[in-house]
Amino acid sequence: MRLVILGGSGSGKSTQAQRLGRYFDIPLISTGEILREAISGYQPLPEFRCSETDPRTSLSVYASLSELGYHTQPYIEKGELVPDEAIVELIGVRLRQPDINCDWVLEGYPRTAFQAEELDFLLDNLGQKLDWAIYLQVPEAVMVSRSLGRSLPDDQPEIVQRRVELFYDRTIPILEYYDRHRRLLTIDGDQSPDMVQQNILTLLSVP
């Protein structure tokens, strides 16, 4: 099962990505967590350590995370989207790690139509194919309210509002992209986490 979870800030995509990862017992790839770790102290993530025997993973991920954190911090502090090139490279490295086989749930990426296309190109090279893009549809007011209630360092009112604006401006075309490819599932995200998860599993035809 290869899934992408889409939604604006505060839509509950992180919660559902974690739940689906546990339900299917597959790795969760969260770009938000990766970027926050990279920015705060530039510490390596254990699951990102490369295998010295695998030529596909010879890149030093610790070094790339440190560099990524340095270059992306200004964008995140302003609520702006991180440049496509940096995120595309990061996802490419992550999907080649030893703990990632053929099943995963991806949260926080793609965030632009360009990234969605690049993900498909990358998966083609890896001999994989995305099963479903799951869109959690939540009203703007709910996204803002939820985000402000999380108390994360980058969840300041003006930053949250900017992220929501960017979501509608740049991310909505992703839905059109996946809809054209018949891989889009739209879920009402303005419900309890349990109900949202159950609706997702129902659409995935999971008992």
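Me: Which residues is Ile 134 in contact with, leaving aside its neighbours within four places in sequence?
Reply: Ile 134 is in contact with Leu 3, Val 4, Ile 5, Leu 6, Leu 20, Leu 185, Ile 187, Ile 200 and Leu 204. Contact means heavy atoms within 4.5 Å.

Me: Where does Ile 134 lie, and is it buried or exposed?
Reply: Ile 134 lies in strand E4. Ile 134 counts as buried because its relative accessibility is 0%. Buried means under 20% relative accessible area, exposed means over 50%, and partly exposed is in between, using a 1.4 Å probe and protein chains only. Helices (H or I, at least four residues) and strands (E, at least two) are DSSP runs, numbered from the N terminus.

Me: What are these values based on?
Reply: This is a predicted model, where local features need pLDDT of at least 70 and side-chain atom pairs count only at pLDDT 80 or more, while totals for chains, interfaces and linings use all residues. Residues are numbered from 1 along each chain as its sequence is written, and side-chain values use heavy atoms, with hydrogens and water left out.

Me: How many helices and strands are there in the chain?
Reply: The chain has 8 helices and 5 strands. Along the sequence they follow the pattern β-α-β-α-α-α-β-α-β-α-α-β-α. Of the 207 residues, 46% count as buried.

Me: In what order do the strands form the sheet?
Reply: The 5 strands form an open sheet in the order E2-E3-E1-E4-E5, and the pairing is parallel. Two strands pair if DSSP finds at least two bridges between them. The edge strands, each pairing on one side only, are E2 (28-30) and E5 (184-188). From one strand to the next, the twist averages 20°.

Me: How many bridges join E1 to E3?
Reply: There are 4 bridges joining E1 to E3, and these strands run parallel. For Ile 5, the bridge partner in E3 is Glu 107.

Me: Which helix packs on the sheet?
Reply: Helix H1 (residues 13-24) packs on the sheet and touches E1, E2, E3 and E4. The direction of H1 makes about 165° with that of E1. Axes are lines fitted to C-alpha atoms, for helices over the stretch in contact, and angles run from 0 to 180 degrees between N-to-C directions.

Me: New topic. How many residues has the largest nonpolar core?
Reply: The largest nonpolar core has 32 residues, and those with the most contacts inside it are Ile 91, Leu 95, Trp 104, Leu 119 and Tyr 178. A nonpolar core is a set of buried Ala, Val, Leu, Ile, Met, Phe, Trp, Tyr and Cys residues joined through side-chain atoms within 4.5 Å.

Me: Which element gives the largest share of this core?
Reply: H7 does, with 7 residues. Apart from this core lies another one, of 15 residues, among them Leu 3, Ile 5, Leu 20 and Val 206.

Me: What does Leu 119 touch?
Reply: Not counting residues up to four places away in sequence, Leu 119 touches Val 4, Ile 91, Leu 95, Leu 106, Tyr 109, Pro 110 and Tyr 178.

Me: Pro 110 is in that list. Where does Pro 110 lie?
Reply: Pro 110 lies in the loop between E3 and H5. The peptide bond from Tyr 109 to Pro 110 is cis, with omega near 0°.

Me: Back to H7. At what angle do the axes of H5 and H7 cross?
Reply: They cross at roughly 45°, and the axes come within 7 Å. H5 and H7 are therefore oblique to each other. Angles under 35 degrees count as roughly parallel, over 145 as roughly antiparallel, 65 to 115 as roughly perpendicular and the rest as oblique.

Me: And at what angle do H6 and H7 cross?
Reply: The axes of H6 and H7 cross at roughly 140° and come within 10 Å. That makes H6 oblique to H7. Residues in the contact include Glu 140 and Val 144 of H6 and Gln 161 of H7.

Me: What does Gln 161 touch?
Reply: Gln 161 touches Glu 140 and Val 144, not counting residues up to four places away in sequence. Gln 161 counts as partly exposed because its relative accessibility is 29%.

Me: Last one. Where is Asp 25, and what is its phi?
Reply: Asp 25 is in the loop between H1 and E2. Its phi is near 55°, a positive value in a residue other than glycine. Asp 25 is exposed, with a relative accessible area of 69%.
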